[in-house]
Amino acid sequence: MRSAALLLSAATLAAQVKLPPYQRKELSNGAVLLTVSKPEVPLATLIAVIRGGTEADPAQHPGLSSITAAMLNRGAGSRSASQFAEDLDQTGASFRAGSDEQSTIVRIEFMSRHADQALDLFASALTAPRFDPAEFKKLVSERLDRATSLKDEAGPANSAYFRTFYFGPNHPYGRVEDELSLKTLRLDDVKGFHTKYYAARNMIFVAAGDVSASLGVAIEKRISAIPAGARHEWIPEPPAPVRKGPRLLLIDKPDATQTYFVIGQPGLHRTHPDRTVMWVVNTLFGGRFTSMLNDELRVNSGLTYGAGSDVQMDRLPGATIIRTFTKTETTVQAIDLALSILKKIRSNGLTAQQLHSAKSYIKGQYPADQLETADQVAAILGDIELHGLNRGEVDDLFSRIDAVTVDQANAAIRKHLREENLQFCLTGAASKIKEQVAKYAPSLRVIPISTPGVRPPEF
Amino acid sequence: MRFLAGILIAAPLLGQHLKVSEHVLANGMKLLVHEDHDIPNAALYLFFKIGSRNERPGITGLSHFFEHMMFNGARKYGPKQFDIRMEENGGANNAYTSRDITAYTDWFPKSAIDLMFDMESDRIGHLAIDPKMVESERGVVYSERRLRVDNSNEGTLREQLDAAAFTAHPYGIPIIGWPADIETWTLDDLKAHFRMGYAPNNCIAVVSGAVTEAEALKLARKYFEPIPKQQPPPPVRTKEPKQLGERRVIVRKQAQNPLVMVSYHVPESRHADNAALQVFDAIMTAGRSSRLYRALVDQGQVAFEVSAELDDAIDPSQWVCNISVKPGSSTETAEKALYAEVKRISDTGVTPAELSKARNQLLASLYRQFKTIAGKANLLGRAEIYYGDWRMVNQFAASLEKVTAADVQRVANLYFTETNRTVAVLVPEEKGGAK
């Protein structure tokens, strides 16, 4: 009965999805402008993708790219910070700027009838931020408060600790802004970062949504005025951190009644040839509700509200992680179970039926997850351009997914889901679990969550 | 949930009317269909008018628990089958429970629509409440409680705030349930609650996406119409008595920074003052030019975050302001700054620029929900429940235009008084203190 239904769904899902038509133009100053019309809703999105991101953060200033982005709308051009906020809010537009592993992304979404005001706000924030010292002081103070209060939320805190612990201080992905790094940051660092990276040759723009021809012209005109500057050269891939065995970092939060844990190992980079097969594999391992991890840890045993896995795919190889949480008393039971599922997928591999289900799931969800709204399409186009990919990334996706075989999936599992050298990061009540979790790694450190910063000493 | 913020908008201005067809099945279930063929997908949203509002001591959290149990097997599709079949056919789902409703949200490629109707009708009509699944799911829900409440300072404080703000009405009950009730509710409690809440005549179904009205109606007639009509939940008779003076709650807990939450009683969504309250809310907290961001964060430097909620509500509810106080700053100063801003509107009203800004912010917020078929399904179902008519999505524009500066000032004077407020403060404990 079930396999009949499977065959049926395979037939009906075979249709390929395509990116909508878009224009790509290289401007005389070196900026790239992509434009796509999607006028169903009277909203438009304009984004700038600036190469660099966390990769460009100096080792002594984690978060510099992110703080530079956060300063953009705190006064720009003729507007003070409060005038900028007033003019933006008057149109109902939303402005966001932040950075990820390889880029800074600045985004404005506005009602198309306010396009002129929105474009002016966006362009002045990007090209003429005031970098007012008083505003910088307020921003740093606000981020210090946020960095401190992060320690009140064990789950997010554990994710931050995992990054510094797993990647270490010599890898750009291991540099996390915290209350210690914020105290040494100077406004001149921010100004210098902006001058160097916010240059036309280093920027990709995408306009998507209810974009009229005249708005397209106006956008091009504003972007063309940005000085060319230089394109950021990607850093060479840093050596993977040498791990001579499993390690365990335990962040002690004495009042926690639940332990949050992440188990990490080396992941893939964004353009890795195994990226599609690992997407399919991870869907089954920990990427959806019926995945092996969630099924065992939540549905069968009731140990947690949710368990899953992620394969981080950024420009540099990231981490592949298992993540969940459980009450303090069942910490070991939950970790043991997670490890047994890792062992099981390695020893048993996947079946054709499992693979078929994962493929249908990815293809069924993809249109709504990635191609439904103008801002989703803008994000995909920016990503394709940033990583030097082409529209085949979307247009051929379903064919690539369909082509994944059981043998390929099982080979990828053996290669990318390993059981050795696992890196454990836990946040919980150390006095209640420390002795029991010592069995996972001879190399173990306990750090009180009250210790300033999120950077454990190397061990 | 704040979708209502979006509803109050000048639709005539831009011709963004949602086209919807409406049918009532023989068993009383209401069906709304909105066609949108932009992507080859559809969303099916089922809204049951049952939530923590329909609970009492001993069975608190049961509506939310049911949200979980609905995935644990029925007559045709046994345990796990709902998720397994859905995912292998390209679908995904979630669900949420509020004080007033329990909503089931399915997103799937159009090829899976027949299966979705079949599986939904199976669990509405023939849910199997397996004692073994009940015990396992109890653990899952307790873990969710630890995540959202016990290990979250905001969650802990909000639970205490609501319990103090409502002395009689069940809006004071936490949606996730009190710990002792999660541990002890029985199989009989579950069965009774299911019979009451999951009557088809207590449900609104919304289909949005790549499906025609005729297709959706045919499927609804085939799968939903045969489910027999039942007695819906009894009316909630309790009314919260008028508050006679400020109430205060203190929570001591390990924390990096203090928190302040201030609740004022305000009327239900259908009340004539709702539009003016939405505008008041936007002027106070929407964006960095809002009054509270300016007074508390930007200029006052007493908080690093301020937000507020005006929830959709069937019965008279609350406007709640959340303030993350800077570590080391005084909660009294933060409170005073809030009260000063409330008083400023009460005394001198709002400007025309603030009024037009609020309208634009609310309009943009509505359009952001128009971007997806899921957003539209949610919007239509909630409008039907909280306003009694999905057309409010298209019509509320006019009522927003009608809101005047004098209306905003009037509601500020009427509801935002010292007597009508409840204040909860989280005081950070030294290490090794409270658990």
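Start in chain B, at B:Gln301, which sits in the loop between helix 12 (291-298) and strand 9 (303-310) of chain B. The model on screen is predicted. Check the backbone torsion here: phi of B:Gln301 is near 55°, a positive value in a residue other than glycine. Most residues other than glycine have a negative phi. Now count the surroundings. B:Gln301 has 15 C-beta neighbours inside 10 Å, so B:Gln301 counts as partly exposed.

**Next: a helix pair in chain B**

Select helix 5 (residues 113-126) and helix 10 (residues 213-224) of chain B. Their axes come within 9 Å and cross at roughly 30°. Angles under 35 degrees count as roughly parallel. Helix 5 and helix 10 of chain B are therefore roughly parallel to each other. The crossing of these two helices is right-handed. Show side chains for the contact. Helix 5 of chain B brings B:Ile113, B:Asp114, B:Phe117, B:Asp118 and B:Ser121, while helix 10 of chain B brings B:Leu219, B:Tyr223 and B:Phe224. Colour them by class: five are nonpolar, one is polar and two are charged.

Colour chain A by confidence before moving on. Its mean pLDDT is 94, and 97% of its residues reach 70 or more. Residues 1-14 of chain A are another matter, with pLDDT below 50. Beyond near neighbours in sequence, that stretch has 14 contacts in the model.

**Stay in chain A: helices 10 and 11**

The axes of helix 10 and helix 11 of chain A come within 3 Å and cross at roughly 10°. That makes helix 10 of chain A roughly parallel to helix 11 of chain A. Zoom in on the residues that meet. From helix 10 of chain A, pick A:Leu284, A:Phe285 and A:Gly286; from helix 11 of chain A, pick A:Met292, A:Leu293 and A:Asn294. This contact has four nonpolar residues, two polar and no charged ones.

**Then: A:Asn421**

Go to the loop between helix 17 (406-416) and strand 12 of chain A, where A:Asn421 lies. A:Asn421 is not a glycine, yet has a positive phi of about 55°. Is A:Asn421 buried or partly exposed? A:Asn421 has 15 other C-beta atoms within 10 Å, so A:Asn421 is partly exposed.

**Last stop: A:Gly428**

Follow the chain into strand 12 (residues 423-428) of chain A, where A:Gly428 is found. A residue is buried if 20 or more other C-beta atoms lie within 10 Å of its own. A:Gly428 has 29 of them, so A:Gly428 is buried. Select its contacts, not counting residues up to four places away in sequence: A:Lys253, A:Ala256, A:Thr259, A:Tyr260, A:Thr328, A:Thr331 and A:Ile433. Draw a distance from A:Gly428 to A:Thr331, C-alpha to C-alpha. The two are 97 residues apart in sequence and 9.2 Å apart in space.

Methods: Residues numbered from 1 in each chain as written. Chains lettered and ligands numbered in written order. Predicted model: local features only at pLDDT ≥ 70, side-chain atom pairs only at ≥ 80, totals over all residues. pLDDT = per-residue confidence, 0-100. Contact = placed C-beta atoms within 7 Å. Axes fitted to C-alpha atoms, helices over the stretch in contact; angles between N-to-C directions. Helix = DSSP H or I, 4+ residues; strand = E, 2+ residues; numbered from the N terminus. Parallel < 35°, antiparallel > 145°, perpendicular 65-115°, else oblique. Left-handed = near helix turned anticlockwise from the far one by under 90°. Nonpolar A, V, L, I, M, F, W, Y, C, P; charged D, E, K, R; others polar. Buried ≥ 20, exposed ≤ 12 C-beta atoms within 10 Å, placed from the backbone.
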